[in-house]
Amino acid sequence: MLVRSLIPAVLLLVGGCTAAPPTDALSVVEVRDRIHTLNGTAVVVRGWLGICSGNDCGLYQTLDDAKLVADGDHLSDAWAAAMDKRLSIGTDTYFDMVAYHLQFKEVVIRGTVNDHCRNGITFCFDRAGDIDPETIQFII
């Protein structure tokens, strides 16, 4: 049991931290605005991680949006606007273990863009997976 509880800490150390994001890191807005063009492309995206567990994991342009979604009124226009501006991060067991400890931190995520849930035909619930994650790094 002790070994299992240490896995997230070890993964965080292995995944590491970064003092500065890579120069090729895209913003949440850039990926969201070009999601169809970037579909299937490996990207590095920088943003603020919101709640990341279970059926929800979002990357936001601002910390305020991440907190608004986490704490906000689900029926308010502000909450809906913040949700519309986010990127949904797909599920992966190991990613989730590390991401859980980085909620409400500025991060860099490497992954593959997936526009399946933003094609105007498909309506997705829960973790739609605009980004299928591979790694996550905390920006110091």
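The model is predicted: local features need pLDDT of at least 70, side-chain atom pairs count only at pLDDT 80 or more, and totals for chains, interfaces and linings use all residues. Residues are numbered from 1 along each chain as its sequence is written, and side-chain values use heavy atoms, with hydrogens and water left out. The chain has 6 helices and 7 strands. Helices (H or I, at least four residues) and strands (E, at least two) are DSSP runs numbered from the N terminus.

**Fold and surface**

- The order of elements from the N terminus is α-β-β-α-α-β-β-α-α-β-α-β-β.
- Of the 140 residues in the chain, 39% are buried. Buried means under 20% relative accessible area, exposed over 50%, and partly exposed in between (1.4 Å probe, protein chains only).
- Among contacts in the chain with a separation of 6 or more, 70% join residues 24 or more positions apart. A contact means heavy atoms within 4.5 Å.
- The chain exposes about 7900 Å², and carbon and sulfur atoms supply 57% of this area. Accessible areas come from the Shrake-Rupley method with a 1.4 Å probe; for residues, only the protein chains shown count as cover.

**Nonpolar cores**

- A nonpolar core is a set of buried Ala, Val, Leu, Ile, Met, Phe, Trp, Tyr and Cys residues joined through side-chain atoms within 4.5 Å.
- The largest nonpolar core has 22 residues. Val31, Leu49, Leu59, Phe95, Ile109, Ile131 and Ile136 have the most contacts inside it.
- At least two residues of this core come from each of α2 (28–33), α3 (35–38), β3 (42–53), β4 (56–60), α6 (93–99), β6 (106–113) and β7 (131–139).
- Strand β3 gives the most to this core, with 4 residues.
- A second, separate core has 5 residues, including Tyr60, Ala66, Trp79 and Ala82.
- Leaving out residues up to four places away in sequence, Leu49 touches a set of residues that includes Leu59, Ala66, Phe104, Ile109 and Ile136.

**Largest pocket**

- The largest pocket has a volume of about 350 Å³. On a 1 Å grid over the protein atoms alone, a pocket is an open set of points where a 1.4 Å probe fits, with protein on both sides within 12 Å along at least five of seven lines. Grid points are joined across faces, edges and corners, and a volume is the space filled by probe spheres set on the points.
- Its lining has 13 residues, and Cys117, Arg118, Phe123, Cys124 and Ala128 lie nearest the centre. Lining residues have an atom within 4 Å of a point.
- The lining divides into 6 nonpolar, 2 polar and 5 charged residues. Ala, Val, Leu, Ile, Met, Phe, Trp, Tyr, Cys and Pro count as nonpolar, Asp, Glu, Lys and Arg as charged, and the others, Gly among them, as polar.

**Asp130**

- Asp130 sits in the loop between β6 and β7.
- Asp130 is buried, at 2% relative accessible area.
- Beyond four places in sequence, its contacts include Arg86, Leu87, Thr112 and Arg118.

- Cys17 lies in strand β1 (residues 17–18) and is partly exposed, at 43% relative accessibility.
- Cys17 and Phe138 are 121 residues apart along the chain, yet their C-alpha atoms are separated by 4.7 Å.
- Cys17 touches Gln137, Phe138 and Ile140, residues up to four places away not counted.
- Phe104 is in the loop between α6 and β6 and is partly exposed, at 27%.
- Phe104 is a residue other than glycine with a positive phi, near 65°.
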